[in-house]
Amino acid sequence: MESLFENRHIADKQMLKDLYRYVFFLRKPVIVCYAVLFFCLIVDAIQWIYAKNSFALTGMVFLVPLFFLFMILRYNHVVNTTIKRNIELHGKEVSVKTDVYNDFFQITSSTGSVYKIDFYNIEKVMQTKKLILLMSKEKQIFVLSKDGFTKGTPHEFLAFLKRKGYRI
């Protein structure tokens, strides 16, 4: 059986930064959470400025910036740790080949791993500037690089996914 699309990418620092930037900062539930925290920060700061006593400060002015700093540090840590683990385990950055068929896609890693994932297990499709992300029902994210298509194009692949009923 011949594949409809083929994609190759290397799990290098730039690709991982793009992936984890989406995971840590750009998913809709995360954006809503950050917006609520920012709103609480503003309300607390306004109350603190206009309050007659210093007990009006609930700590949001201090905790929210610390939380955002923690998330940025965590993001950097996850990117760097993933790279170091790949090099420790495999001696180099991991390369990934994805072959897409009509009902499933197969991922072959330079580590020797081969995975077959049926499209009915894919719950959601997202994209960043450089990546197409397929999220499974169990929240596993499979990555295709927009620059990595060796058969087909990112535009054709996204059209294929839309025909399958995925919102992008």
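Trainee: Which element gives the largest share of the lining of the largest pocket?
Mentor: Keep in mind that we're looking at a predicted model. The largest share is five residues, and the element behind it is α1.

Trainee: How much space lies in the largest pocket?
Mentor: Start from its middle: 22 residues line this pocket, and Ala11, Val96, Gln140, Ile141 and Val143 are the closest to its centre. The space in the pocket comes to about 550 Å³.

Trainee: Which element gives the largest share of the lining of the second largest pocket?
Mentor: This pocket holds about 280 Å³ of space. Two elements, α1 and β5 (122-127), each give two or more residues to its lining. Five residues make up the largest share, and they come from β5.

Trainee: And how many charged residues are in the lining of the second largest pocket?
Mentor: Lys28, Glu123, Lys124 and Arg167 are among its lining residues, and so are Tyr22, Leu26 and Ile168. By class, the lining has six nonpolar residues and one polar one, while the charged count is four.

Trainee: Which side chain does a polar contact of 3.1 Å join to that of serine 3?
Mentor: Look past the sequence neighbours and serine 3 touches Asp99, Val100, Tyr101 and Lys151. The polar contact is a separate matter, though. There, the side chain paired with that of serine 3 belongs to glutamate 6.

Trainee: How does lysine 97 count at its relative accessibility?
Mentor: Lysine 97 has its place in strand β2. Its relative accessibility is 22%, which falls between the 20% and 50% cut-offs, so lysine 97 counts as partly exposed.

Trainee: How far apart in space are lysine 97 and asparagine 7, C-alpha to C-alpha?
Mentor: In sequence, 90 residues separate the two. Still, Asn7 is one of the contacts of lysine 97, along with Glu6, Arg8, Gln106, Ile107 and Thr108, leaving aside neighbours within four places. From C-alpha to C-alpha, lysine 97 and asparagine 7 are apart by 5.7 Å.

Trainee: Which element gives the most to the largest nonpolar core?
Mentor: That core has 20 residues, and Phe105, Ile122, Ile132, Leu134, Phe157 and Leu161 touch the most other members. At least two residues each come from β2, β3, β5, β6 (131-136), β7 and α4 (154-163). With four residues, the element that gives the most is α4.

Trainee: How many residues are in the second, separate core?
Mentor: Its members include Met15, Leu16, Phe24 and Leu131. The number of residues in this second core is 19.

Note on methods
Residues numbered from 1 in each chain as written. Predicted model: local features only at pLDDT ≥ 70, side-chain atom pairs only at ≥ 80, totals over all residues. Heavy atoms only, no water. 1 Å grid on protein atoms, 1.4 Å probe; cavity = no way out; pocket = protein on both sides within 12 Å on 5 of 7 lines; lining within 4 Å. Points joined across faces, edges and corners; volume = space filled by probe spheres on them. Nonpolar A, V, L, I, M, F, W, Y, C, P; charged D, E, K, R; others polar. Polar contact = N/O pair within 3.5 Å; in protein donor to acceptor, adjacent residues only side chain to side chain. Contact = heavy atoms within 4.5 Å. Buried < 20%, exposed > 50% of the residue type's maximum accessible area, 1.4 Å probe, protein only. Core = buried A, V, L, I, M, F, W, Y, C linked by side-chain atoms within 4.5 Å.
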